[in-house]
Structures are given as structure tokens and as C-alpha cells.
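Biologist: I have a structure open and want to learn how to read it. Where do we start?

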Amino acid sequence: TLSDRLTSVFSSLRGKGRLSEEDINATAREIRLALLEADVALPVVRDFIARIKERSRGEEVSKALNPAQQVIKIVNEELVEVLGGETRQIRYAKNPPTVIMLAGLQGAGKTTLAGKLAKWLGAQRNTPLLVAADLQRPNAVTQLQVVGERAATPVFAPEPGNGVGDPVEVARLSVEFAERNNHNIVIIDTAGRLGVDTEMMRQAADIRDAVSPDEIIFVVDAMIGQDAVNTAQAFLDGVGYDAVALTKLDGDARGGAALSIRHITGRPIMFASTGEKLEDFDLFHPDRMASRILDMGDVLTLIEQAQRTFDEDEVQKMASTMASDEDFTLDDFLQQMMMVRKLGPIGNLLGMMPGMGQMRDQIDNIDDKALDRLQAIIQSMTPGERSNPKSINGSRRLRIANGSGTQVSDVNNLVTRFFEAQKVMRKMKSGGMPGIPGMPGM
Ligand code: GDP
Ligand code: MG
């Protein structure tokens with residue numbers, strides 16, 4: 001990964017005052033490769049690298065981060081910035097209906113997105129109307145009707161044989177229909193072709209002129225990689241659009257298309273589609289996309305949050321527990337639960353790391369009260385019981401429950417959970433636990 005490569009670039013740098021020109025160039029090379037691997041278009045990569053170089057020159061080597069992490073942090077911040085900073089919201093029309101038009105190549109995911117949008121908007125107390133303005137493919141109308149049913153949203157479509165065969169006319173009539181029937185949002189699904197084509201562009205432009213959409217959303221498949229730039233530019237010239245929806249982000253594309261499109265068109269990316277189901281949909285989050293492009297998963301966030309939240313002593317303690325050959329005890333169990341709780345969101349991140357997921361399950365659903373109770377129970381045990389939990393038999397459990405003001409079932413529960421956690425810890429110690437970069441002592 002980029003992280004590994006940068007770490008090796010900087011292996012000699014520790015302790016120097018500033019990033020040298022040589023270090024910066026070596027870094028730029030690695031970032032350039034990473035971006036190209038993520039399918040970012042070459043001119044976009046060039047501009048981006050220039051920004052990174054510029055910024056890296058002024059940087060002091062920080063105490064908290066090693067140089068590789070520091071550069072990754074800069075790259076990430078710039079990526080988030082270029083990808084659009086904050087998430088952009090839909091602009092609603094002053095006088096309803098708000099008209100949203102979807103445009104894009106065939107197979108990009110327009111019809112699916114139309115359903116997702118309808119469902120999402122409907123859940124926010126809107127009364128959307130889906131419009132079948134794709135009359136190109138024979139089954140396009142039926143497909144939208146199926147989607148509409150799933151999204152519990154009515155579909156405006158030409159009746160077979162009533163003579164309305166013109167998508168522009170359908171779109172125009174749909175807006176009138178929405179006004180009469182109190183639909184505050186109209187989502188127009190349009191036709192696409194496999195490639196960019198002037199007739200398709202003209203049709204989309206005609207629909208646009210007929211209904212003056214409040215938002216035109218260009219829908220693009222994240223998997224098409226480098227081609228995304230040309231397609232995005234062609235639609236910008238041919239139809240124009242206000243925002244972009246990126247689909248098929250559930251695939252293994254790293255999503256460099258997002259960066260290219262944002263950079264070249266200047267249009268914000270608004271939505272992310274991550275699957276075939278209507279629920280697989282979210283607002284676009286530049287920060288998530290940035291770490292995806294850098295291909296470092298959530299390690300980046302983990303580093304940052306870890307530095308903010310961990311204090312060195314606790315880290316040392318936890319690290320030595322994890323590294324020691326001694327078995328995991330009830331004291332360790334309590335200490336880890338308190339720590340993960342204190343970390344809050346980072347606890348979730350830990351859950352994403354191999355091995356830690358099971359740990360997280362142990363800790364989930366424990367609120368402060370439950371944690372107090374756990375603490376009371378463990379403190380009612382003798383040191384001998386804590387280091388040798390197997391010795392905690394029935395009569396001891398009763399004594400511990402009485403001592404801690406809990407029920408025997410609470411004690412049973414805790415002991416069971418502890419043994420599960422112990423099993424996980426043993427597995428991790430026997431080699432399943434990856435190092436956490438950036439955490440001192442690990
Ligand atoms: P359209 O031609 O632009 O209307 O595209 P469709 O909505 O018909 O989608 C084309 C294909 O891509 C269909 O098989 C969809 O189920 C699938 N699809 C759409 N969006 C996504 C997505 O986000 N992830 C995945 N995996 N498939 C998608
Ligand atoms: Mg379609």
C-alpha cells in the first residue's frame with residue numbers, strides 16, 4: 001500500500017527537521033503511482049502532485065507523526081479538499097415540484113438510482129414521483145415500475161398505445177401531473193446509450209429544456225475508470241449538470257474517477273451508490289472516498305484518532321499485555337473494556353481490524369451502567385480468582401454476586417464473555433494481530 005511504500009521512502013528521515021527536496025520528490029513519485037493505480041486521470045494527477053509538493057515544502061517534521069504519516073495526512077487533506085470538502089445537499093425549488101433529472105450512459109445505474117433517491121427522499125416526508133422518460137429500451141418502463149414498487153413511489157409512464165411515445169412529452173406532462181397530485185419532487189429517469197452519442201445528448205437536452213430541472217445529476221459508474229473523464233466532459237458539454245452520482249462503489253474500483261470528475265468538471269459529487277438494493281445508497285462523503293483512493297482503509301483515521309485519544313501510558317500498558325506471553329486475565333479484560341469505551345468511535349474502527357472484530361462484539365452494547373456493574377463484579381473477586389477465572393465455581397459466584405450487589409446470572413454472563421475474549425486474545429497472540437502503525441509501542 002501507499003502507506004508501506006512511503007514508510008520505506010522515509011526510513012532514513014526520522015529526526016530530521018524538514019522534509020528535504022529529495023524526500024519530497026520520492027514521496028511525489030509514490031503518490032503519483034498510487035493515484036494512477038486508483039485510475040485518476042493523468043492531468044489530474046499532475047495538478048494534484050504539484051499541490052502536494054508545494055505544501056510539503058513548508059512542513060516541519062512533526063513530533064507526533066512519523067514523516068510517512070505526515071505526508072499521508074497532507075495528501076489525505078488535499079484529497080478531501082479536492083473531492084469537495086463538505087457534502088452538498090439537494091437544492092429544493094421554491095415552488096414545488098423540485099425537478100431532478102438523471103443523465104448518463106446506459107448501465108450507469110440511473111434507473112436504480114432513481115429508485116434509491118425516491119426511497120430516500122420519501123423517508124424524509126417527501127412525496128416523490130418517478131418518471132419513465134427512457135423509452136429507448138423496450139423494458140425500461142417496466143424496470144422503473146418494478147423499482148417504483150419497491151420504493152413505494154408512484155411512476156409516471158406513458159400508457160401503452162396512448163400515443164405518447166416521446167420522452168420529452170412524458171417529462172413535460174409528468175411535471176403537470178406532479179403539480180396536480182401534490183408530488184413535491186419529480187425524478188426523471190432518462191435513456192442512455194452504450195457510448196456518448198449526439199442523438200442521446202440532444203434528447204437529454206430537450207428534456208432539460210422542457211422541464212428546467214432544479215438539479216441535473218450525472219450518473220456515472222465508478223468502475224469505468226479512466227473513461228469517466230471523457231464521458232463526464234461529454235455530458236457536461238452536451239447536457240450540463242449540477243452534481244454527480246457515483247455508482248457501483250461496492251465493486252473493487254478504488255474510485256479515482258471521483259477525483260478526476262470533480263477536478264475536471266468542478267461539479268460536486270452528491271451521492272454514492274453501493275449495490276443493487278435500494279438501501280445501498282448514501283450521500284457522498286469526500287473523506288471516505290479519500291481514504292479509499294489512498295487505499296488505506298480506515299488506518300488513516302485510526303492513526304489520527306489514536307493520537308488524539310490514547311495517552312502514552314495506556315498504550316504502553318495495552319501493548320505490553322498484548323505482547324506478553326502471560327495469559328489474558330479478568331483484570332486485563334476490565335481494563336480493555338474501559339479503554340475501548342473511552343475511545344468511543346475508535347472502538348468501531350478497532351472492530352474493523354482483523355482479530356479485533358470479535359473483541360468489539362464482546363464490548364458492544366455495554367453502556368456505562370453495565371460497565372460499572374462489570375467493574376463491581378470483577379472487584380468483588382479475589383486476586384486469585386481474577387488471575388485464575390477457572391477457579392470461580394458456583395459458590396464463589398454466589399459470593400461475588402452478593403458482594404457486588406448483582407445476580408449470579410450477571411456473574412455467569414461476565415465469566416462466559418471473558419472466556420470468549422480470552423480465546424480471541426490467545427489467537428491474536430499466536431500471530432493473528434497486525435501491528436497498528438503510528439501507535440507508539442506497537
Ligand atoms: P441505467 O441503464 O443507467 O438505468 O442503469 P440501471 O439502473 O439499469 O443499472 C444497470 C445495472 O447495474 C443493473 O443490473 C443494476 O442492478 C446495476 N447497478 C446499479 N447501481 C449499482 C450499484 O451501485 N452497485 C452494483 N453492484 N450494481 C448496480
Ligand atoms: Mg435505465
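Modeller: Start with burial. A residue is buried if 20 or more other C-beta atoms, placed from the backbone, lie within 10 Å of its own, exposed if 12 or fewer, and partly exposed in between. Here, buried residues make up 39% of the 442 residues in the protein chain. This is a predicted model: local features need pLDDT of at least 70, side-chain atom pairs count only at pLDDT 80 or more, and totals for chains, interfaces and linings use all residues. Residues are numbered from 1 along each chain as its sequence is written, and chains are lettered from A and ligands numbered from 1 in the order in which they are written.

Biologist: How many helices and strands does the protein chain have?

Modeller: Both are DSSP runs, numbered from the N terminus: helices are H or I with at least four residues, strands E with at least two. The protein chain has 20 helices and eight strands.

Biologist: Is Thr231 buried or exposed, and why?

Modeller: Thr231 is buried because 20 other C-beta atoms lie within 10 Å. It sits in helix α9 (residues 227–238).

Biologist: Which residues is Thr231 in contact with, leaving aside neighbours within four places in sequence?

Modeller: Contact means C-beta atoms, placed from the backbone, within 7 Å. Thr231 contacts Leu105, Val196 and Val220. Leu105 is 126 residues from Thr231 in sequence, yet their C-alpha atoms are 8.1 Å apart.

Biologist: Which residues are closest to ligand 1?

Modeller: A residue counts as near if its C-beta atom, placed from the backbone, lies within 6 Å of the molecule. Ligand 1 has 17 residues around it, the closest being Gly109, Lys110, Thr111, Thr112 and Ser273. Helix α5 (residues 110–122) gives the largest share of that shell, three residues.

Methods. Contact = placed C-beta atoms within 7 Å.
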